[in-house]
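Visitor: Could you pick one part of this model and take me through it closely? I'd like the backbone details too.

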Amino acid sequence: MNKTIRHTSVFVLVLVLALLGRATWVQAYEGKALADDSKNRRKTIAQYAQPLGNIVVAGSPVTGSKKTEGGDLAYKRTYTDGELYAAVTGYSSQAYGATQLEGIYDDVLDGTDDRLKNPVDAVTRAQQKPGTVVTTIDPDVQKAAYEALGNKKGAAVAVDPATGRILAMVSTPSYDPSKIAGTTDGAAWQELMADEDKPLVNRALRQPLPPGSTFKLVVAAAALEDGLYGSVDTATESPDPYTLPNTRTVLKNENASAPCENATIRTALQYSCNNVFAKMAADLGQDKVKAMAEKFGFNDAELDVPVRAYASVYPSGMDAAQTALTGIGQFDVTATPLQMAMVSAAIANDGLLAAPHMVSEVVDSDGDALTSFDDGDTTRIVSSSTAEQLRSAMRTVVDKGTGTNAAVAGAEVGGKTGTAQHGENNSKTPYAWFTSYAKDATTGKQVAVAVMIEDSGAARSEVSGNGLAAPVAQKMMAAALK
């Protein structure tokens with residue numbers, strides 16, 4: 001063999017080895033990434049090649065699948081009471097992807113999760129029977145929240161304080177995920193996208209707004225834990241009217257005749273005295289208020305239930321006047337309904353916050369658990385004494401204060417109203433809030449809820465936590481205690 005042929009042979013051999021090496025790399029290391037790429041049509045075909053697994057509420061599926069007519073996608077997702085459970089399930093669309101539980105557990109629900117496969121299937125990549133997602137949702141509480149919210153723009157969350165189980169999660173206006181499940185639903189999708197009320201946004205988890213006076217519970221907790229005041233019945237040092245520190249701005253109370261001057265925490269919660277909690281926040285300072293807020297869950301950018309919630313925010317870098325305004329849940333304080341439900345849940349549970357979750361377990365087709373979520377994984381937020389005192393003061397709010405519309409016959413109920421201003425110079429319609437807890441001493445059942453009404457269509461003068469949000473909470477609590 002002459003020299004030229006030898007060189008050519010070696011060069012060809014190198015090219016062959018390089019080709020084999022690249023092919024091996026793609027198949028062994030990049031194969032999964034390519035298979036999982038959202039632009040890979042084969043992934044979508046495999047996802048809808050068989051009926052999807054279900055999302056279950058109280059033992060019954062709220063999802064399903066049906067055979068399609070023609071095309072390469074054999075099945076598409078269907079929903080039972082889609083609008084009722086949309087904030088829980090999200091959607092699974094052949095054209096627009098998946099959200100919420102549908103998105104988080106898509107590989108379990110379509111049978112491609114490796115945990116569903118035996119060793120042989122893992123090698124051959126054979127698709128297995130899909131798994132099931134079992135939720136913690138109580139259908140009675142869910143329905144009560146949805147019906148009570150009605151045509152209002154808002155959200156509601158209910159949590160079992162002892163276990164952290166989310167019993168209800170509703171966002172309105174809602175939508176029917178079935179209408180965007182296929183490949184020919186462009187008109188329905190565009191209508192949802194163009195809707196100014198943003199029905200695809202889960203307001204319960206993913207739209208933090210100023211919480212208004214419901215945040216006063218956090219400030220009161222900070223004051224009691226710090227020792228600024230010995231009890232909820234100790235007189236505070238709270239002039240009325242109160243001028244924000246280093247300003248000429250006078251902070252007014254909603255009820256000008258309320259006994260807010262030097263009021264106790266109990267009285268200040270009962271009448272929702274702005275002067276008391278603004279002064280309290282300024283006296284504590286932003287660092288102490290922030291520390292307490294963060295114990296309750298504010299500023300947590302990784303709160304997964306398992307759907308990730310947007311962080312509720314307690315700000316930093318404020319002056320004394322701005323810190324005072326945070327004491328009434330204004331300035332740059334924001335919260336989700338989930339977050340405010342967590343505040344009431346910790347107070348109801350003797351100062352212990354159970355990690356909130358709305359999935360109890362994920363199982364394979366045989367019912368064997370792939371993932372389980374423990375109930376009652378708790379963290380100490382405030383002392384038992386502080387929690388008991390705050391419950392007592394919250395009961396006063398419902399018994400004879402600003403939250404009387406939340407009373408449930410035969411049950412212990414405590415709560416806090418909130419009316420949050422927003423817009424330039426508070427020009428827009430306020431948000432109405434209510435957060436509360438309820439206990440039935442006979443059955444031992446308990447629940448914590450938070451309701452936010454973003455817009456009810458009511459006149460500005462008619463917006464209040466007691467008038468709009470408390471009745472929704474009342475119906476949710478009554479359903480939970482049945």
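Guide: Helix axes here are lines fitted to C-alpha atoms over the stretch in contact, with angles from 0 to 180 degrees between N-to-C directions. Helices (H or I, at least four residues) and strands (E, at least two) are DSSP runs, numbered from the N terminus. Keep in mind that this is a predicted model, where local features need pLDDT of at least 70 and side-chain atom pairs 80 or more, while totals for chains, interfaces and linings use all residues. Numbering runs from 1 along each chain as its sequence is written, and side-chain values use heavy atoms, leaving out hydrogens and water.

Let's start at helix H10, residues 216-226: its axis comes within 9 Å of that of helix H13, residues 286-296, and the two cross at roughly 110°. So H10 is roughly perpendicular to H13 (65 to 115 degrees; under 35 is roughly parallel, over 145 roughly antiparallel, the rest oblique).

Now follow the chain out of H10. The loop between H10 and strand E10 (242-243) holds Pro241, and the Asp240 to Pro241 peptide bond is cis, with omega near 10°. Further along, Asn262 sits in the loop between strand E11 (250-251) and helix H11 (265-271). Asn262 isn't a glycine, yet its phi is positive, about 55°. Both features stand out because most residues other than glycine have a negative phi, and most peptide bonds are trans.

The bond from Thr172 to Pro173 is cis, with omega near 0°.
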